[in-house]
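Colleague: Let us go through this model together. I will ask, you answer briefly.

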Amino acid sequence: VQLQASGGGLVPPGGSLRLSCATSRRTFSMDAWGWFRQAPGKEREFIAAITWSDDNPLYADSLRDRFSISAHGAKDTVYLQMNSLKPEDTAVYYCAAGPVVRAAERIYIYWGQGTLVTVSS
């Protein structure tokens, strides 16, 4: 497995969760790493993306105040910190790798299997 998302689970409303995406970036030779999510019955949506230099990450406007993406080069891991979680954040969360930082799903070439986040009391 070359992209593995983890850290999902059940969290109460208002809680926080940090997702991790373990990568094999040297194998991929990709520069951009993104997080997406797909809620039941909805299309997959962009959350955030970043490069390994960790400069100028890109966020979905609706999520930038609560979600934060970061990249740990030495660990080949990309993180998504999620705060003030709401029931509508319930979704399967995916990490993906692509050549450039963009919000468009079609840019990303490699995808992990996803990790389920459930926000409920």
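Colleague: Which residues form one aromatic cluster?

Modeller: This is a predicted model, where local features need pLDDT of at least 70, side-chain atom pairs count only at pLDDT 80 or more, and totals for chains, interfaces and linings use all residues. Residues are numbered from 1 along each chain as its sequence is written, and side-chain values use heavy atoms, with hydrogens and water left out. Rings of Phe, Tyr and Trp (its six-membered ring) pair if their centres lie within 6.5 Å; planes under 30 degrees apart count as stacked, over 60 as edge-to-face and the rest as tilted. The cluster consists of Phe36, Phe46, Tyr108 and Trp111.

Colleague: How many aromatic pairs does a search of the whole structure find, and what is the angle between the planes of phenylalanine 36 and tryptophan 111?

Modeller: The search finds five aromatic pairs. Phenylalanine 36 and tryptophan 111 form a tilted one, with 4.9 Å centre to centre and planes at 55 degrees.

Colleague: Where in the chain do the two partners sit, and how many residues apart are they?

Modeller: Strands are DSSP runs of E with at least two residues, and helices are runs of H or I with at least four; both are numbered from the N terminus. Phenylalanine 36 is in strand S4 (residues 32-38), and tryptophan 111 is in strand S10 (residues 110-111). The pair links distant parts of the chain, and the separation is 75 residues.

Colleague: Why does phenylalanine 36 count as buried?

Modeller: Buried means under 20% relative accessible area, exposed over 50%, and partly exposed in between (1.4 Å probe, protein chains only). Tryptophan 111 is partly exposed because its relative accessible area is 26%. Phenylalanine 36 counts as buried because its relative accessibility is 1%.

Colleague: How many helices and strands does the protein have?

Modeller: From the N terminus on, the order is β-β-β-α-β-β-β-β-β-β-β-β. That makes one helix and 11 strands.

Colleague: What radius of gyration does the protein have?

Modeller: The radius is taken over C-alpha atoms, and the globule rule is 2.2 Å times the number of residues to the power 0.38. With 121 residues, a compact globule would be near 14 Å. The protein agrees with that, at 13 Å.

Colleague: Where is proline 99 found, and which residues does proline 99 contact beyond its neighbours within four places in sequence?

Modeller: Proline 99 is in the loop between strand S9 (91-98) and S10. Its relative accessibility is 39%, so proline 99 counts as partly exposed. The contacts are Met30, Asp31, Ala32, Ile107 and Ile109.

Colleague: What phi does aspartate 76 have, and what phi does serine 84 have?

Modeller: Most residues other than glycine have a negative phi. Aspartate 76 lies in the loop between strand S7 (67-72) and strand S8 (77-82), and serine 84 in the loop between S8 and S9. Aspartate 76 is buried at 13% relative accessibility, whereas serine 84 is partly exposed at 41%. Neither is a glycine, but aspartate 76 has a positive phi of about 50 degrees, and serine 84 has a positive phi of about 50 degrees.

Methods
Contact = heavy atoms within 4.5 Å.
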